[in-house]
Amino acid sequence: MENKIIISSCHCGALKLEIDGDVPETLTSCNCSFCRRSGALMAYYPKAKIKVVANPGTIREYIWGDKCLAHVSCNICGSLSHWRNLDPTQTERMGVNARLFENVDLSQIRIRRFDGADSWKFLD
């Protein structure tokens, strides 16, 4: 797929991401307790390819369970934007909620099902 700047924006527009990368070939739908409730479809990019654009106080992070990820949301509208890895050996990859992409047609992207609730394996 073609390389372009992908724009991701929360509902109110206060938290945006600019992603310098390809449109993903697949998205991940995870069934863990958090992802299932948020309804996110995750795409993965190197942290260096993502620019977070937000005013101070716009971002909130939710850290729970084994404390390996910080889920990042807009503090105004609550939209889940992305996650960042808290494991110091895994900090280069970020998960981005593709449902917030403004300039990508998600209907053309294959969705993979991931069992984050139990086996930690893809189900397809």
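Predicted model: local features only at pLDDT ≥ 70, side-chain atom pairs only at ≥ 80, totals over all residues.
Residues are numbered from 1 along each chain as its sequence is written. Local features need pLDDT of at least 70, side-chain atom pairs count only at pLDDT 80 or more, and totals for chains, interfaces and linings use all residues, while side-chain values use heavy atoms, with hydrogens and water left out.

A nonpolar core is a set of buried Ala, Val, Leu, Ile, Met, Phe, Trp, Tyr and Cys residues joined through side-chain atoms within 4.5 Å, where buried means under 20% relative accessible area, exposed over 50% and partly exposed in between (1.4 Å probe, protein chains only). The largest core has 15 residues, and Ile6, Ile19, Tyr45, Ile50, Val96 and Phe101 touch the most other members. Apart from this core lies another, of 10 residues, which include Cys30, Phe34, Met42 and Leu69.

The structure holds zero disulfides, a disulfide being a pair of cysteine sulfur atoms within 2.5 Å. The table gives two cysteines whose sulfurs are too far from the closest cysteine sulfur for a bond.

| Cysteine | Closest cysteine sulfur | Sulfur distance |
|---|---|---|
| Cys68 | Cys32 | 9.3 Å |
| Cys77 | Cys10 | 3.8 Å |

Cys68 is partly exposed at 28% relative accessible area, and Cys77 is also partly exposed, at 31%.
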